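Please look at the sequence and the structure together as I speak.

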Amino acid sequence: DADSSPVAYAGGVDLVTAFRENKKIGTLVWLKEIDELSDISITKNTLRIGALITHGQVRGNDKLNIITGLQDAWGQIANVRIRFSATVGGNLMACRTSYEMPILLSALKATVNFRNKHELFTLAPDALFNNPRLKGALLTSIDIPIKDKPEIDYERSMRPLYSQATVKYQKTKLIRIVIATEYLRPFVFEILEGIDDYNEIFDNLPKDYSDLKLDNNYIRELVPIILKRQIKRLADNK
């Protein structure tokens, strides 16, 4: 209630960028010492990551080993300086297509938990962009379902142009693929394990899914090439 544009402040990584973009910055609300937002826990079916956890803290926490490949995938994000201060919540709330958390979390079927003055509510990671429900809301944690035993492989060798996260669910034999470019929001494919011809799967990619650096045809050719590598790496994890 301090003013019309309060800003949740924890790592502060995106504040400088916001100033440069002439965004209105109101009262800074210091969050870093709220213990409830700084924990990683496991219940029977869920891995919960607090919004104030930094990328570095995630990378070094053994609880992430409940999902094969998650520590390695997360540890690739950003550089050491950024990982030391940037928080999971800040990465998501920046709502930038060039950031990687929406890609990883969408692949893992995660939900993002919020609280405002009136209620608790959840959103999908790719539903945060330009969402009016975020005004006056605080991101508290991320829930990743673990019941179906997900395993993740993250390909970011073409960053920032292109990224691809693939998750294999051991119980359901489902494979979930999420792609994104520097300028395009994540797009999700789902297939069943054992399909050999990957090319036909991606026919439902919208024809306008392209940007100034990567055209649609190139993306269509790229997805199955990377997917074959990822499927092999996931199999080798066994």
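This is a predicted model: local features need pLDDT of at least 70, side-chain atom pairs count only at pLDDT 80 or more; totals for chains, interfaces and linings use all residues.

I begin with a definition: a surface patch is made of residues with over 30% relative accessible area and no salt bridge, and like charges are joined within 9 Å.

Which residues form a negative surface patch? They are E33, D35, E36 and D39. Of these, let me point out E36, which is located in the loop that runs between β2 (28-30) and β3 (40-42). Residues over 50% relative accessible area are called exposed. E36 has a relative accessibility of 66%, and is therefore exposed.

There is also a positive surface patch, formed by K44, K147, K149 and K171. K44 belongs to the loop between β3 and β4 (46-50). Its relative accessible area is 76%, so K44 is exposed.

I now move to strand β10, which covers residues 174-181. Is this strand enclosed or open? Eight of its eight residues are buried, so β10 is largely enclosed by the rest of the structure. In a regular strand, side chains alternate between the two faces of the sheet. In β10, L174, R176, V178 and A180 point one way, while I175, I177, I179 and T181 point the other way, and all of them are buried.

What are the pairing partners of β10? On one hand, β10 pairs with strand β9 (residues 162-169) in the antiparallel sense, over seven bridges. Within this pairing, T166 has I177 of β10 as its bridge partner. The two strands form a hairpin with four residues between them, and K173 in the turn has a positive phi of about 65 degrees. On the other hand, β10 pairs with strand β11 (residues 187-192), again in the antiparallel sense, over six bridges. Here L174 has L192 in β11 as its bridge partner, and a hairpin of five residues joins β10 to β11.

My last topic is the salt bridges. How many does the structure hold? There are eleven salt bridges. In one of them, R156 is joined to E100, with the closest N and O atoms 2.8 Å apart. This pair links distant parts of the chain: R156 is in the loop between β8 (150-155) and β9, E100 is in the loop between α5 (88-93) and α6 (101-107), and the two are 56 residues apart. R156 is partly exposed, at 21% relative accessible area, whereas E100 is buried, at 5%.

The side chains of E190 and R176 meet at 2.6 Å, N to O. Because E190 lies in strand β11 and R176 in strand β10, the pair ties together parts that are 14 residues apart in sequence. E190 is partly exposed, with 42% relative accessible area, while R176 is buried, with 14%.

A further salt bridge joins the side chains of K213 and E182, at 3.4 Å, N to O. This pair, too, links distant parts of the chain: K213 is in the loop between β11 and α7 (216-236), and E182 is in the loop between β10 and β11, 31 residues apart. E182 counts as buried, at 17% relative accessibility.

Finally, E21, K23 and R96 are linked in a network of salt bridges. Thank you for your attention.

Conventions. Residues are numbered from 1 along each chain as its sequence is written. Side-chain values use heavy atoms; hydrogens and water are left out. Patches are made of residues with over 30% relative accessible area and no salt bridge: like charges are joined within 9 Å, nonpolar side chains (Val, Leu, Ile, Met, Phe, Trp, Tyr) within 5 Å. Accessible areas come from the Shrake-Rupley method with a 1.4 Å probe; for residues, only the protein chains shown count as cover. A salt bridge is a side-chain nitrogen of Lys or Arg within 4 Å of a carboxyl oxygen of Asp or Glu. Lys and Arg count as positive and Asp and Glu as negative; His and the chain ends are not counted. The place of a charge is taken as NZ of Lys, CZ of Arg, CG of Asp or CD of Glu. Buried means under 20% relative accessible area, exposed over 50%, partly exposed in between (1.4 Å probe, protein chains only). Two strands pair if DSSP finds at least two bridges between them.
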